[in-house]
Amino acid sequence: MASDSHMLAPVCLIENTGGQLVANQEALEILSANKNPLVVVAIVGLYRTGKSYLMNKLAGKNKGFSIGSTVQSHTKGIWMWCVPHPKKPNYTLVLLDTEGLGDVEKGDKKNDTQIFALVILLSSIFVYNTMNKIDQRAIDLLHYVTELSNLLRKVSTPDLEGVEDATNLESFCPDFVWTLRDFYLTLEVDGQLITADEYLENSLRLKQGTDQNVQNFNLPRLCIKEFFPVRKCFTFDSPTHRKKLAQLETLPNDELELEFLEQVAAFCSYIFNHSKTKTLPGGIKVNGPQLKSLVLTYINAISRGDLPCMENSVLALAQIKNSEAVKKAIAHYDQQMGHKVQLPTETLQELLDLHRESEREAIEVFMKNSFKDMDQKFQKELETRLEAKKSDLHEQNMEASSHHCSALLRAIFDPLENEVMQGIYSKPGGHRLFIQKTELLKARYYWEPRKGMQLSFSSFSEARMKAVAAKFEAQRLEAIQRYNQQMMVQREWLHQQRMRQIEMIKEYQLQQQQRALERRFQEKAENLNKEIEAEHRSLQNDVENLQRNAASQDDTCILL
């Protein structure tokens, strides 16, 4: 066996036996021994279109991959040739040649598409070899197989299913080269010369419009451009006279058309100088053992039947594309509603208007990406899912409105409840002040914006207000009771005070009466004394008068 990067001749990598793809152990061992980073170039196209000739030239040889000159296909399965990369030291150029598509002897299109999809996933540069010109049939086939490749990648590596950003997608997708053999058209548009690359891009240009025919035309082109972001085109003249094609391997260059040789040289130069290393997500460069693992992984997935096997390739493609179209439409709807809708909305109508606008855009996205949606099966599925999302959003809106209103009510009425607890309204006139404050806070609640569809006082709000009012009423009744008790105590005290005053008054009056009696008694005593004294004086005067009269009589007697 030759060294890991110096194989003397190609070996079969994947055998196509009885319609089954089987990895060749010898080729797997060669890959296992090769630890160099790999540049993997694969070519696919109709049988008898010169694919193997181009691969031999990339290997720097005239012979290697089998070149047939009859109507019978020579290459079967996928053949591999590992050679040193001519421009990258310590890199290996892995060339994969495939059996021709449309082999009448095989008659099984399933194998064609499986091999086609497989080499797209294994390669870092994919060469699509067709005859004469770019036509719709070639575009449709390429589109279909790229979709199958994407599906095969997903089912084979489910842990990478969620990794779909541009960087990782580019690591999976090979650079794309379209080679047009025996090209006979003039590269000219509207009287202006164009390059082969411009011819390719013009062929992939989208049409304007939204009707089904335009969508069917645009869809494969959109997918090809998305799957192959790096694209290149080469045109080749016929290499020599038709009768000499049987000896193409052995013909010296001077018997080949000069333009053809220049075109082949330009093709090889591009491949060598724009080599894209086969990589895995995260920028991991693939070496031989890793490529072997990929080969086995994808073949096992095909053997399990994970790759759709439908006789009608259009039906298979429609199934894949329309499912993806539904996903893209739903993603667009979610993105738009997430961007436009701020829950809660003021009204149900506002939410419905935003839903209808996003629904219309989502359906446009679906129509743009759908493909032969017979009986509008997938569009109806989309509409059903959008209706379910509308119902879910309505519930979310009601819930958001309820939460927002509850929070708003707490923010507005908690201070009132605190004031009630503090007894601020437990005073004369407090009930009237409480009612006024309550109505004022209700008005403030209704003035607040973006309460949504739960803006009225809900049962929660009413219950909360009733609880506050009940607390206030309880405090009011308690205050009244305290007041009444205080009044009773006050009245009792006043009564006692009055009774004491009455007793004092009675005592005072008694004292006054006693004093009056004493005064009257004293006055009477004094008057009696005066009368007695007067009587005494009168008696004394009478006595004195009698004495004087007696004396006078004595004197008279004496005189007499």
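Author: What follows starts with the sheet, moves to the loops, and ends with the helix contacts and the cysteines. Please keep in mind that this is a predicted model.

The sheet is open and is formed by eight strands in the order S2-S1-S4-S5-S3-S6-S7-S10, with mixed pairing. Its edge strands are S2 and S10, the latter spanning residues 231–235, and each of these two pairs on one side only. If direction is ignored, neighbouring strands of this sheet are turned by 20° against each other on average. Strands of a sheet pair through backbone hydrogen bonds, either parallel or antiparallel, and an example of each kind can be followed here.

The antiparallel example is at the S2 end of the order, where strand S1 (residues 11–17) is joined to strand S2 (residues 20–23) by four bridges. Within this pair, Glu 15 of S1 stands opposite Val 22 in S2. The two strands form a hairpin with two residues between them, and Gly 18, which sits in the turn, has a positive phi of about 60°.

The parallel example is the pair of strand S3, residues 38–45, and S5, which are joined by six bridges. Here Leu 38 is the residue that stands opposite Thr 92 in S5.

Thr 277 is placed in the loop between helix H8 (258–273) and strand S11 (279–280). With a relative accessible area of 11%, Thr 277 is buried, because the value is under 20%. Apart from neighbours within four places in sequence, its contacts are Pro 37, Leu 38, Val 39, Lys 88, Tyr 91, Ser 124 and Lys 285. Leu 38 in this list is the residue named above as standing opposite Thr 92.

Lys 76 belongs to another loop, the one between helix H2 (51–58) and strand S4 (78–84). Its relative accessibility of 36% makes it count as partly exposed. Although Lys 76 and Glu 99 are 23 residues apart in sequence, their C-alpha atoms are 4.7 Å apart in space.

Two further loop residues have backbone angles worth noting. Asn 90 lies in the loop between S4 and strand S5 (92–98), and its phi is near 65°, a positive value in a residue other than glycine. Asn 90 has a relative accessible area of 64% and is therefore exposed, the cut-off being over 50%. Asp 190, found in the loop between strand S8 (188–189) and strand S9 (192–193), likewise is not a glycine and has a positive phi, of about 55°. Asp 190 is exposed as well, with a relative accessible area of 77%.

The loop between helix H10 (313–340) and H11 holds Pro 344, and the peptide bond leading from Leu 343 to Pro 344 is cis, with omega near 0°.

This brings us to the helices. Two packed helices are described by the angle between their axes and the distance between the axes. For helix H7 (residues 212–227) and helix H11 (residues 348–369), the axes come within 7 Å and cross at roughly 70°, so that H7 and H11 are roughly perpendicular to each other. On the H7 side the contact is made by Gln 212, Gln 215, Leu 219 and Leu 222, and on the H11 side by Met 367, Lys 368 and Asn 369. By class, these residues divide into three nonpolar, three polar and one charged.

Helix H1 (residues 25–33) packs with helix H9 (residues 288–303) at an angle of about 145°, and their axes are 6 Å apart. H1 contributes Leu 28, Leu 31 and Ser 32 to this contact, while H9 contributes Gly 288, Pro 289, Leu 291, Lys 292, Val 295 and Leu 296. The contact of H1 with H9 has six nonpolar, two polar and one charged residues.

Finally, a word on the cysteines. Cys 173 counts as buried at 2% relative accessibility, and Cys 268 likewise counts as buried, at 9%. With a disulfide taken as a pair of cysteine sulfur atoms within 2.5 Å, the count of disulfides comes to zero.

Terms used:
Residues numbered from 1 in each chain as written. Predicted model: local features only at pLDDT ≥ 70, side-chain atom pairs only at ≥ 80, totals over all residues. Heavy atoms only, no water. Buried < 20%, exposed > 50% of the residue type's maximum accessible area, 1.4 Å probe, protein only. Axes fitted to C-alpha atoms, helices over the stretch in contact; angles between N-to-C directions. Parallel < 35°, antiparallel > 145°, perpendicular 65-115°, else oblique. Contact = heavy atoms within 4.5 Å. Nonpolar A, V, L, I, M, F, W, Y, C, P; charged D, E, K, R; others polar. Pairing = 2+ DSSP bridges.
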